[in-house]
Each structure stands twice: as C-alpha cells, then as structure tokens.
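Reader: Hi! Could you walk me through this model while I have it open?

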2 protein chains.
Amino acid sequence: MKNLTEGNITDAVIKAIEGTQDARAKEVMTSLIRHLHSFVKEVQLTQDEWETAIDYLYNTGQISGPTRNEFVLTSDTLGISSLVDIINSNPDGGTEASVLGPFYIEGSKMVEVGADLIGDSEGEPTVVSGTVRTLGGEPIADAMIDLWQTAANGLYENQDPEQPENNLRCRMLTNEDGYYQFSTIKPVSYKVPTDGPVGVMLNLQGRHAWRPSHLHFKVSADGHRNVITEVFDEADEYIEEDAVFGVRKSLAIPYTKISEPSEAERFGVPSPFYRVEFDFELEAL
Amino acid sequence: MKNLTEGNITDAVIKAIEGTQDARAKEVMTSLIRHLHSFVKEVQLTQDEWETAIDYLYNTGQISGPTRNEFVLTSDTLGISSLVDIINSNPDGGTEASVLGPFYIEGSKMVEVGADLIGDSEGEPTVVSGTVRTLGGEPIADAMIDLWQTAANGLYENQDPEQPENNLRCRMLTNEDGYYQFSTIKPVSYKVPTDGPVGVMLNLQGRHAWRPSHLHFKVSADGHRNVITEVFDEADEYIEEDAVFGVRKSLAIPYTKISEPSEAERFGVPSPFYRVEFDFELEAL
C-alpha cells in the first residue's frame with residue numbers, strides 16, 4: 001500500500017481527479033488543488049488554523065442569503081474579483097472592467113437621455129454624460145447604459161429601506177449619436193459591510209473598509225461585448241486605497257465643480273453642480 | 001496614481017494587509033493571497049468560472065448547518081484535511097493522525113473495558129482491543145478511548161434516526177495495564193454524503209464517494225498529546241482509494257476472521273467473529 005505523506009498526497013489527489021471529463025475543469029481543479037496544498041505546506045498550517053479557516057467559510061455561508069453574498073465580498077477584499085476583471089478585460093483596448101459588487105439589480109427603470117434622477121434626494125447635483133463608441137471611434141446608438149450608485153448617506157437603494165425603489169438606478173438607451181446623459185447626485189465614499197466575517201478579517205488585517213466614490217455602469221450593445229465598470233472621482237480621499245481594489249487609472253476622472261449659473265440652467269440643475277464626462281468604448285464581438 | 005495590473009495587484013493586496021498585528025496571521029494570509037492569486041493567473045480564470053466558484057461556496061454555505069459542515073467535506077475530499085493531519089502528526093513517532101470527519105460527537109456514553117456495544121445491532125461481531133502506551137512503550141492507565149463508527153447500513157448514529165442514541169459510540173478508560181477492549185460490529189465501507197455541492201464536484205471529477213471501512217478513535221491521556229485517528233480494514237476494497245485520503249500504511253491492519261468457537265466464547269461473542277488489535281502510542285507533552 002502506498003503511504004500518504006506530505007510529499008506525495010498532492011499527487012494522490014490529482015490522480016484521484018484524473019477521470020475528470022471536462023478538460024478545462026480538470027485544468028482548473030488541478031491548479032486549485034496544487035495551490036491550496038502548496039499554501040498549507042508553505043505555512044505548515046496547524047489544526048487550529050484549519051479550524052479557523054473552516055469557521056470563516058461556515059460563518060460566511062451562514063450570513064449569506066438572497067440579498068447578501070459574503071463570499072463575493074471576501075473575493076473582492078482579497079483582490080481576487082479585481083484580478084479576474086483585469087485578466088478578462090479586453091486585451092485590444094476599450095473601457096476597462098471593474099468589480100460588479102453586490103448591489104447590482106437587473107431590470108432598473110428605463111429613462112430617457114437627459115433624465116433627472118435627483119428627485120427628492122439630498123446631495124450635490126451632478127450631471128453625467130458621454131458617448132458609447134466602438135474601438136474605432138464610431139458612436140453606438142441604442143447602447144444600453146445601466147447605472148447604480150449610492151445615495152448621499154453611502155447606501156445603495158437595496159441596502160436602505162428608506163430609499164424609494166429604483167432610487168439612483170436607471171437604464172437608458174443612447175441616442176443616434178451614441179450619447180447618454182443624466183442628472184444625479186454625487187456618489188460618496190462608503191464602507192463595505194463590516195458586520196460579518198469580512199469585517200472581522202479586515203479588522204485582523206488592520207485595514208479600513210472604505211471605497212472611493214464611484215458610479216457603477218453596465219454598458220451593452222448588440223454585436224458588442226458588455227462592459228461592467230466603475231467611474232471614480234479621482235479626488236476622493238480613498239482613491240489610492242480602495243478596500244476592494246477596483247480603481248484603474250483610466251477609470252479615475254475629474255468630478256469637476258461648475259459654478260456658472262448659466263451652465264446649471266442649461267442642464268436644469270441647481271448651481272453649483274458637478275460635471276462628469278466619461279465615454280465608453282466597446283469591443284465588437 | 002498607480003495603475004492596478006495583473007502584474008502588480010497581488011503586491012497591492014499584500015501591501016494592504018501589512019498592518020496585520022499578529023505576525024502569524026500576516027504570514028498565513030500573505031501566503032494564502034499569493035497562492036490564490038497565482039491560481040487565478042495560472043489558469044486565467046474566466047468570469048463564468050469565478051461565478052461557478054462563488055456559487056459553489058454559496059451553495060456549500062446554504063447546505064451547512066449545526067449537524068452538517070459541507071466545508072469540512074470539501075476540505076476532506078480535496079485532501080486538505082489529510083495534508084493538515086500529516087503536517088501536524090507527531091514528528092517523533094507515535095500513532096499517526098487521520099481525519100476527524102464530520103460525525104464525531106463529544107460526550108459519548110462511558111463504558112467499562114470489555115464492554116459489549118453490539119446490543120441489537122446487525123452485522124459481523126468484532127472484538128477490538130489494544131494498549132495505550134508512551135513512545136517509550138510504557139502502558140498508560142486511565143487513557144480515554146473515544147470510539148465512533150458506522151452501523152452495518154453504512155450510517156453513523158447521528159446520520160440515522162433509526163439508530164438509538166450513542167449506538168456504536170462509546171468512551172472508555174484504559175485499565176492499569178493501559179488495556180482497552182470492546183465488542184462491536186465490523187464497520188463497513190460507506191459513501192460520504194453526495195446530495196450537496198461535494199457530490200456535484202465528485203461527479204464532475206469522475207470520482208466515487210466511498211471510504212474504506214474503519215473505526216474512528218480519539219485517544220487522550222493526562223500529560224500526553226491527543227491523537228485523532230482511524231483504524232482501517234486493510235482488506236477493504238476501497239483501501240487504496242479513500243475518497244478523503246485518510247488511509248496511512250500504519251493505520252491499515254488485518255481485521256482477522258476467527259472461527260474457533262472457544263475463542264468466541266472467551267470474548268462472549270457469536271462465532272465466527274473478527275478480531276482487531278491496535279495499540280496507540282501517545283507523545284508526552
């Protein structure tokens with residue numbers, strides 16, 4: 001009988017999965033097993049530490065449910081989600097991807113170009129606009145802009161029972177020039193939820209839970225690859241230390257303060273207001 | 001602003017946790033982050049595969065609860081639990097450790113040396129005995145033997161509402177010669193639970209879920225390091241391919257069939273019966 005040792009157990013596990021039919025699944029599982037075993041060997045993980053790891057996963061499972069996925073937040077705060085985003089970003093250019101995060105909801109209300117999302121919301125008025133284009137610079141009409149963001153209190157609508165449904169979320173089709181525009185309030189920096197295992201981990205790691213302020217976008221158009229991304233305020237105090245590693249240089253832009261009343265009047269917002277201009281470039285499929 | 005890329009994001013995450021106060025936690029987390037990132041880069045994990053991984057963890061959390069921990073089973077079936085056992089086995093000798101598994105319960109009934117656990121159980125009568133010793137060979141009196149095993153249907157008492165409480169589990173103190181003995185029924189090979197995410201994974205990997213038959217033991221004595229281990233029937237058809245990689249050469253022994261009625265009479269069991277002799281060696285603390 002072959003004796004299992006620290007030196008041969010990894011190969012024994014790899015051998016056990018050699019019957020995996022799907023070649024890609026076999027490749028991924030083999031790599032995962034090798035790296036997890038290497039980690040355990042490298043640190044000579046103790047039984048107590050193994051139990052701590054199992055407890056982390058168990059508690060993360062217990063706090064998760066239909067409206068909260070603490071595994072996604074774990075992946076986000078360990079930089080894994082962003083790494084996957086970077087790996088899968090379009091190598092030929094176009095808008096860079098960034099984390100989807102846990103607050104996206106499908107089917108937000110449809111509005112027209114130029115819509116006012118401010119309603120009764122508190123916060124600083126902000127006009128956001130831009131063009132959706134091909135990599136060659138051609139405008140894309142009828143591209144779908146799907147937006148979600150925090151209110152001034154740092155909470156998304158689906159975290160906050162005080163906010164009306166669809167608050168500061170919308171979908172909009174670009175016009176014939178590929179143009180989109182809406183008035184909203186300036187998003188604010190906020191903390192990821194710290195009342196679960198991720199909060200315990202961040203605390204252990206001596207880290208804060210802040211994300212720099214940003215607008216979330218999912219942009220899609222027929223014949224093009226979707227992009228899920230975030231548009232950050234480059235002046236945010238947390239721009240260099242996003243708790244989930246979502247910031248890219250190309251996604252951090254000026255949120256410019258405009259004080260001319262005539263400009264405010266032109267956009268139909270109170271003065272002063274902020275102006276955000278961001279163009280999306282989509283890869284053809 | 002530093003741009004996050006596939007080349008530098010891992011270091012950025014490591015830098016984010018540099019404030020970790022506990023040096024060991026920092027070492028373990030750093031290694032875990034490096035290995036998880038290396039895995040993602042090595043296979044160039046896709047967004048769909050990332051979602052599959054998140055779904056696996058989420059579903060594993062949802063099926064887990066006070067009486068079932070699918071994360072432990074995941075660790076077991078990926079050979080991680082056994083690797084941790086091997087790493088933490090006593091380097092100076094003594095009985096090798098093997099997986100605790102999910103079926104241990106604290107506080108099983110106390111019985112005397114020579115106890116009959118068979119009661120009304122179906123199955124093949126088996127007499128198990130041995131000595132608990134120091135590494136130097138001295139018998140250890142009043143060592144605690146804690147035993148649990150399957151019934152003939154392949155289920156542990158806490159998996160099976162048909163079995164009486166404490167069925168085929170017990171605790172026993174060794175006598176002045178360090179000796180323990182009990183009559184039981186021969187454990188059988190059985191499948192780990194396949195009705196959850198682990199079952200889906202094993203199926204994808206073309207693996208079976210069988211474990212070779214074994215007796216679980218936790219042995220402890222004042223002034224000595226506990227050992228949690230399993231004693232396998234070396235003739236079991238799955239001895240070379242345990243689904244959770246628990247078998248060690250030193251733990252796979254003969255379950256010898258004895259057909260002399262006088263021997264059966266001596267032990268007070270029906271004839272024929274099986275005889276299992278296994279000594280435990282504990283390291284002094």
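Author: Happy to; the chat below goes through chain A, the cores, a helix pair and a sheet. This is a predicted model, where local features need pLDDT of at least 70, side-chain atom pairs count only at pLDDT 80 or more, and totals for chains, interfaces and linings use all residues. Residues are numbered from 1 along each chain as its sequence is written, while chains are lettered from A and ligands numbered from 1 in the order in which they are written.

Reader: Thanks! How many helices and strands does chain A have?

Author: Chain A has seven helices and 14 strands; helices (H or I, at least four residues) and strands (E, at least two) are DSSP runs, numbered from the N terminus. Its C-alpha trace spans about 85 × 40 × 30 Å along the principal axes.

Reader: And what share of chain A is buried?

Author: Of its 285 residues, 40% are buried. Buried means 20 or more other C-beta atoms within 10 Å of a residue's own, exposed means 12 or fewer, and partly exposed is in between, with C-beta atoms placed from the backbone.

Reader: Is Glu106(A) buried or exposed?

Author: Glu106(A) is exposed, because 7 other C-beta atoms lie within 10 Å. You'll find Glu106(A) in the loop between helix H5 (80–87) and strand S1 (110–111) of chain A.

Reader: Switching to cores: which residues touch the most other members in the largest one?

Author: Among them are Val13(A), Val40(A), Val132(B) and Leu282(B), in a nonpolar core of 63 residues. Such a core is a set of buried Ala, Val, Leu, Ile, Met, Phe, Trp, Tyr and Cys residues joined through C-beta atoms within 7 Å. Helix H2 (residues 23–43) of chain A gives the largest share, six residues. A second, separate core has 61 residues, including Trp148(A) and Leu215(A).

Reader: Nice. What's the angle between H4(B) and H6(B)?

Author: Helix H4 (residues 70–77) and helix H6 (residues 197–204) of chain B pack at about 25°, with axes 9 Å apart. Axes are lines fitted to C-alpha atoms, for helices over the stretch in contact, and angles run from 0 to 180 degrees between N-to-C directions.

Reader: What about the sheet in chain B: what is the strand order?

Author: The order is S1-S5-S4-S9-S10-S11 in an open sheet of six strands with mixed pairing; two strands pair if DSSP finds at least two bridges between them. S4(B) and S9(B) pair in the antiparallel sense over five bridges, and Met144(B) has Ser220(B) as its bridge partner in S9(B).
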